[in-house]
Amino acid sequence: RPRPSPRRASGTRSPAFRSWASTDAEVARRFRKVVRTRLEYIGAAFAELGFEGPELEMRTRLFVAYEAAQSSLYGHESKRTLGELIPQRIAMITEG
């Protein structure tokens, strides 16, 4: 059977892939790789902003978790409302 790639999945599909990964070793391996890639990429961005150590680690993990859960948290909101929240979200995660 064809397997969709978790690498191509947006954060909105992460819960479904996480569930699938709990029953399929190959999906689990790919899912872990995607999560590692996301953490490395986002971590590098926060490091460029000057964050280090535990603060860098926590901001990175919180951002990745938030993005994965965003559809569950805001699925009922309009695109306009979501767009209006972007500046606040950026300020919260980038200001020291």
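Author: Axes are lines fitted to C-alpha atoms, for helices over the stretch in contact, and angles run from 0 to 180 degrees between N-to-C directions. Also, this is a predicted model: local features need pLDDT of at least 70, side-chain atom pairs count only at pLDDT 80 or more, and totals for chains, interfaces and linings use all residues. Residues are numbered from 1 along each chain as its sequence is written, and side-chain values use heavy atoms, with hydrogens and water left out.

Reader: Fine. How many helices and strands are there in the protein?
Author: The protein has 4 helices and 0 strands. The pattern along the sequence is α-α-α-α. Helices (H or I, at least four residues) and strands (E, at least two) are DSSP runs, numbered from the N terminus.

Reader: At what angle do α3 and α4 cross?
Author: Roughly 160 degrees, and their axes come within 12 Å. Helix α4 covers residues 79-94. α3 and α4 are therefore roughly antiparallel to each other. Angles under 35 degrees count as roughly parallel, over 145 as roughly antiparallel, 65 to 115 as roughly perpendicular and the rest as oblique.

Reader: Which residues meet there?
Author: From α3, Arg59, Phe63, Tyr66, Glu67, Gln70 and Tyr74. From α4, Leu82, Leu85, Arg89, Met92, Ile93 and Thr94. Contact means heavy atoms within 4.5 Å. The contact of α3 with α4 divides into 7 nonpolar, 2 polar and 3 charged residues. For those classes, Ala, Val, Leu, Ile, Met, Phe, Trp, Tyr, Cys and Pro count as nonpolar, Asp, Glu, Lys and Arg as charged, and the others, Gly among them, as polar.

Reader: And how far apart are the axes of α2 and α3?
Author: 9 Å, with a packing angle of about 125 degrees. Helix α2 spans residues 25-48. That makes α2 and α3 oblique to each other. On the α2 side, the contact is made by Arg38, Leu39, Ile42, Gly43, Phe46 and Ala47. On the α3 side, it is Leu56, Arg59, Thr60, Arg61, Phe63 and Val64. Those residues divide into 7 nonpolar, 2 polar and 3 charged.

Reader: Let's zoom in on Thr60. Buried or exposed?
Author: Thr60 counts as buried, because its relative accessibility is 5%. Buried means under 20% relative accessible area, exposed over 50%, partly exposed in between (1.4 Å probe, protein chains only). Thr60 sits in helix α3, residues 53-74.

Reader: What does Thr60 touch?
Author: Leu39, Ile42, Gly43 and Phe46, leaving out residues up to four places away in sequence. A polar atom of the Thr60 side chain also lies 2.7 Å from the backbone oxygen of Leu56.

Reader: Switching topic. Where does Asp24 lie?
Author: In the loop between α1 (14-21) and α2. Asp24 has 12% relative accessibility, so Asp24 counts as buried. A polar atom of its side chain is 3.0 Å from the backbone nitrogen of Glu26.

Reader: Which side chain does Arg30 join in a polar contact?
Author: That of Glu26, at 2.8 Å. A polar contact is a pair of N or O atoms within 3.5 Å; within protein, one must be able to donate a hydrogen and the other to accept it, and residues adjacent in sequence count only if both atoms are side-chain atoms. Arg30 belongs to helix α2. At 36% relative accessibility, Arg30 counts as partly exposed.

Reader: Last one. What share of the protein counts as buried?
Author: 23% of the 96 residues.
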